[in-house]
Amino acid sequence: MGDHRWCPQSVRAIVTDYLQFGVKKWKMDAAMVSLLRQALEHTGVNQVIDLCSGSGGPWLDMLRGLESKGFPVKVCLTDKYPNAQAFTYARDVFGGRFDFCSEPIEAAHVPEGLVGFRTIFSAFHHFRSADARAILQDAVNCQQGIAIFEITQRTPWAMFNFFLTSLLLPFCVPFFRPFRWSRLVWTYLVPVAPAVILFDSIVSCLRTYSAGELRELAMGTGAKGYIWKAGEIKAPAAPVPITYLLGYPGRD
Ligand SMILES: C[S@@+](CC[C@H](N)C(=O)[O-])C[C@H]1O[C@@H](n2cnc3c(N)ncnc32)[C@H](O)[C@@H]1O
């Protein structure tokens, strides 16, 4: 629901702020850092193009994580509906390590000038299989690496957990930073945000690809010389594992 054109930008921002808050609380960024670092090291790339960035997703913490592991990267945040406020905040806090595109960027049609290892966090389930494959195909056609991470899963356990956590929104909203009045309005005065988050959480779980399905989509690209890895990793504090797909050109 948060992805629809009719959804006000300020409501969409609460959905992605909440996602960012949850990933941080469940310390999922650390688990993703170690996988991503291997892929980035293999390709020798330290420029990242983050697609479907929302409010920046886990990148604000992952950037520090990669730096502390001796692998500093520069990240360009992009989205079909760019959240200029959140992107500007990331750039102001992190200086030159974050950049962003203020123009809409379609995940399956990344402009030629945006070169770097592509990442997509908690968004791949939004795409039906033809569109999902097109996203992978675009990365392959441009010979860029791509990493997909999904924190939702198509299991009753995941749905149960995301149902419960979505009910916690009213208790978390005052702690989102930077502070914005619009969050309080859409949560307490006109409680649209809790309804959207509840709906989105359940639908996201139902749509999430399994590791096997991600692998099949990757094989469908017919990429020659690409290394694909799909699987699940568990962040110790999170009740649900993270499903991932990594793909990058192998070394000659
Ligand atoms: C669930 S949010 C994920 C946000 C962020 N990656 C995170 O981890 O918090 C999904 C994002 O995908 C964006 N999006 C939806 N369709 C898109 C498309 N075709 N191309 C690029 N971005 C898209 C939405 O605007 C939204 O910000």
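Colleague: Quick one to start: is glutamate 213 buried, partly exposed or exposed?

Modeller: Glutamate 213 is partly exposed, with a relative accessible area of 27%. Bear in mind that this is a predicted model.

Colleague: And what does the side chain of glutamate 213 meet in a salt bridge?

Modeller: That would be arginine 154, at 3.0 Å from N to O.

Colleague: How many salt bridges does a search of the whole structure find?

Modeller: Eight. One of them joins arginine 118 and aspartate 138, with 2.7 Å between N and O. This pair also links distant parts of the chain, as arginine 118 is in strand S4 and aspartate 138 in helix H5, 20 residues apart. Both of these residues are buried.

Colleague: Nice. What about arginine 64, which partner does that one have?

Modeller: Arginine 64 forms a salt bridge with aspartate 61, and their closest N and O atoms are 3.6 Å apart. Both lie in helix H3 (residues 59-68), three residues apart, or about one turn of the helix. Arginine 64 is partly exposed at 44%, whereas aspartate 61 counts as buried at 17%.

Colleague: Switching topic: in what order do the strands of the sheet come?

Modeller: The sheet is open and has seven strands, ordered S3-S2-S1-S4-S5-S7-S6, with mixed pairing. Strand S3 (98-100) and strand S6 (226-233) are the edges, each pairing on one side only. On average, neighbouring strands are turned by 20 degrees against each other, direction ignored.

Colleague: Which helix packs on the sheet and touches S1?

Modeller: Helix H2 (residues 28-43), which also touches S4, strand S5 (146-150), S6 and strand S7 (242-249). The direction of H2 makes about 10 degrees with that of S7.

Colleague: Let's zoom in on S5. How many of its residues are buried?

Modeller: Five of five. Ile146, Ile148 and Glu150 point one way, and Ala147 and Phe149 the other.

Definitions and conventions. Residues are numbered from 1 along each chain as its sequence is written. This is a predicted model: local features need pLDDT of at least 70, side-chain atom pairs count only at pLDDT 80 or more; totals for chains, interfaces and linings use all residues. Side-chain values use heavy atoms; hydrogens and water are left out. Two strands pair if DSSP finds at least two bridges between them. Helices (H or I, at least four residues) and strands (E, at least two) are DSSP runs, numbered from the N terminus. Axes are lines fitted to C-alpha atoms, for helices over the stretch in contact, and angles run from 0 to 180 degrees between N-to-C directions. Contact means heavy atoms within 4.5 Å. Buried means under 20% relative accessible area, exposed over 50%, partly exposed in between (1.4 Å probe, protein chains only). A salt bridge is a side-chain nitrogen of Lys or Arg within 4 Å of a carboxyl oxygen of Asp or Glu.
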